[in-house]
Amino acid sequence: MMKVTQKDSIFQLTFFPSWFPVNSYLADEGDALTLIDAALPFSYKGILKTAEAIGKPISRIILTHAHSDHIGALDKLKALLPDCEVVISARDAKLLRGDVTLDTNEPQTKVRGGVPKPGTIKTVPDREVSEGDVVGSFRVVATPGHTPGHIALYNEASGVLLAGDAFQVRGGVAVSGQLKPFFPFPAWATWNKEAAIQSAIKLVHLSPTLLGVGHGHFLTDPKTVMAQAIRQAQVAEEVVKR
Ligand SMILES: [Zn+2]
């Protein structure tokens, strides 16, 4: 039920790999591990088991966004690892509390996807971040679109980009919001397609060497496929002409 794929110091943990793949990542930061996204409620077992096998403690949890398949094991992990620092964008901290109202300066499209009902998530984030903040070995890249406060994590030194649901790989590489019939869920859960395209452009300009997303396998040297997916999205949304 869980598959682990290692690329250098990044471990990709895939739950339900064959039918609804949901990824979490453990990044080896030297003395400790950073968990990126908390997958599904039962995933805490596999996450802790993998950390134990690596032989290092999890000192930090970063959430790319507040959808249910990225925060599922959060409360359980925070209860078991109370010293662990929980990090999310200031904007999606609001979603984590179950508040789906939009800020006045945002596109007024409806927040979609599995957002927790008010009060269901007990964990209060220890740190709220925004564009450019440094968390462990990663820099925060604000990538609104899938949710208003979606973030990607970029490691400048290694070129590793953990992009949450800004892109999907399962069912075909796509920018968030672009429907892939064999894996339509990320598109159905996307708040604003135009913002998602702008964020995807920002990510391709980083020229990452490795891309890890919420749904689908690792992509090595992903720049060309990311650019293709952006072009497809721009044509589909008529941002550019065919
Ligand atoms: Zn999502």
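In which sense do β3 and β4 pair, and over how many bridges? Select both strands in this predicted model: β3 and β4 are antiparallel, and four bridges connect them.

**The hairpin and its neighbour**

Colour β3 (22-28) and β4 (33-36). The two strands form a hairpin with four residues between them. In the turn, select G30, whose phi is positive, at about 100 degrees. Next pick A27 and find its bridge partner T34 in β4.

β4 and β5 run parallel and are joined by four bridges. Start from L33 and look across to I58, its bridge partner in β5.

Show the side chains of β4. L33 and L35 point one way, T34 and I36 point the other way, and all are buried. In a regular strand, side chains alternate between the two faces of the sheet.

**The nonpolar cores**

Select L26, I58, I61, L63 and L77. Within the largest nonpolar core, which has 34 residues, these touch the most other members. Another core, of 22 residues, lies apart from it; V141, A196, I201 and L203 are among its members.

Return to L77 and display its surroundings. Beyond its neighbours within four places in sequence, L77 is in contact with L35, A38, Y44, I47, L48 and I61.

**The zinc site**

Which residues coordinate the zinc ion? Select H65, H67, H146 and D165: the donor atoms are NE2 of H65, ND1 of H67, NE2 of H146 and OD of D165, at 2.2 to 2.4 Å. Along the chain, the donors follow the spacing H-x1-H-x78-H-x18-D. H65 and H67 are both buried.

Check the angles between the donors next. The arrangement is irregular because the four donor atoms subtend angles of 85 to 172 degrees around the zinc ion, whereas the tetrahedral class requires all angles to lie between 85 and 135 degrees.

**Around D165**

Centre the view on D165, in the loop between β11 (160-162) and β12 (167-168). D165 has a relative accessible area of 2%, so it is buried. Its side chain makes a polar contact of 3.3 Å with the side chain of H65, and another of 3.0 Å with the side chain of H70. Other residues that D165 touches include H146, H150, S176 and H215.

Finish at G214. G214 and D165 are 49 residues apart along the chain, yet their C-alpha atoms are separated by 5.4 Å.

Terms used: Residues numbered from 1 in each chain as written. Predicted model: local features only at pLDDT ≥ 70, side-chain atom pairs only at ≥ 80, totals over all residues. Heavy atoms only, no water. Donors = N, O, S within 2.8 Å, 3.2 Å for Na, K, Ca; no water. Tetrahedral: all angles 85-135°; square planar, octahedral: opposite > 155°, others 65-115°. Buried < 20%, exposed > 50% of the residue type's maximum accessible area, 1.4 Å probe, protein only. Contact = heavy atoms within 4.5 Å. Polar contact = N/O pair within 3.5 Å; in protein donor to acceptor, adjacent residues only side chain to side chain. Core = buried A, V, L, I, M, F, W, Y, C linked by side-chain atoms within 4.5 Å. Pairing = 2+ DSSP bridges.
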